[in-house]
Amino acid sequence: MSTAQSVLRVSENEGARKPRISRLVAPVASTRCRSFVEPEAVTSAIVEIRNVSKTYVSGNVETPVLFDFSLDIHPGEFLAIVGGSGSGKTTLLNIMGLLDRPTNGEVLVEHRSVGTLDELGRARVRRERLG
């Protein structure tokens, strides 16, 4: 059985703090993990990130870190997030893991929006749905 490996390349655009993120998918043989499902066979994403942007504000200075980013993560999919320093990798992981909230956009886990959940609700989703 093979599964897919996705690589997200995060890099800053020339002269801007808006990361450009593209997705590459390549087949990878999996002999040790037989429980993974091939993403191509799955129509439903576990995590959906829709038009997410994140801007940090310090005093009068706004620093955009993510800009209009969308991604679906399917069961059994492996992701690698790569990019230069300050390109938004940690911010993206924190938003995906429900540790931080996006400035704009929406995060769905199993087709349910988690944007209105309080801290305990997000912790419950992390524990029960994300691992």
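Is R127 buried or exposed? With a relative accessibility of 57%, R127 counts as exposed, where exposed denotes over 50% relative accessible area, buried under 20% and partly exposed the range in between (1.4 Å probe, protein chains only). This is a predicted model, in which local features need pLDDT of at least 70 and side-chain atom pairs count only at pLDDT 80 or more, while totals for chains, interfaces and linings use all residues. Residues are numbered from 1 along each chain as its sequence is written, and side-chain values use heavy atoms, with hydrogens and water left out.

**Confidence**

- The chain has a mean pLDDT of 76, pLDDT being the predictor's confidence in each residue, from 0 to 100.
- A pLDDT of 70 or more is reached by 67% of the residues.

**Sheet and helix**

- Four strands form an open sheet in the order β4-β3-β6-β7, with antiparallel pairing; helices (H or I, at least four residues) and strands (E, at least two) are DSSP runs, numbered from the N terminus.
- At the edges lie β4 (61–73) and β7 (112–113), each of which pairs on one side only; two strands pair if DSSP finds at least two bridges between them.
- Strand β3 (residues 47–58) pairs with β6 in the antiparallel sense over 5 bridges.
- V107 in β6 is the bridge partner of I49.
- Helix α1 (residues 89–96) lies across β3, β4 and β6, and runs at about 55° to β4; axes are lines fitted to C-alpha atoms, for helices over the stretch in contact, and angles run from 0 to 180 degrees between N-to-C directions.

**Salt bridges**

- The structure holds 5 salt bridges, each being a side-chain nitrogen of Lys or Arg within 4 Å of a carboxyl oxygen of Asp or Glu.
- R127 forms one of them with E128, with the closest N and O atoms 3.6 Å apart; E128 is partly exposed at 48%.
- Salt bridges that share partners join E48, R50 and D72 into one network.
- R50 meets E48 at 2.9 Å, N to O; R50 is partly exposed at 27%, whereas E48 is buried at 10%.
- R50 also forms a salt bridge with D72, with the closest N and O atoms 2.7 Å apart.
- This pair links distant parts of the chain, R50 being in strand β3 and D72 in strand β4, 22 residues apart.
- D72 is partly exposed, at 23%.

Conventions. Contact = heavy atoms within 4.5 Å.
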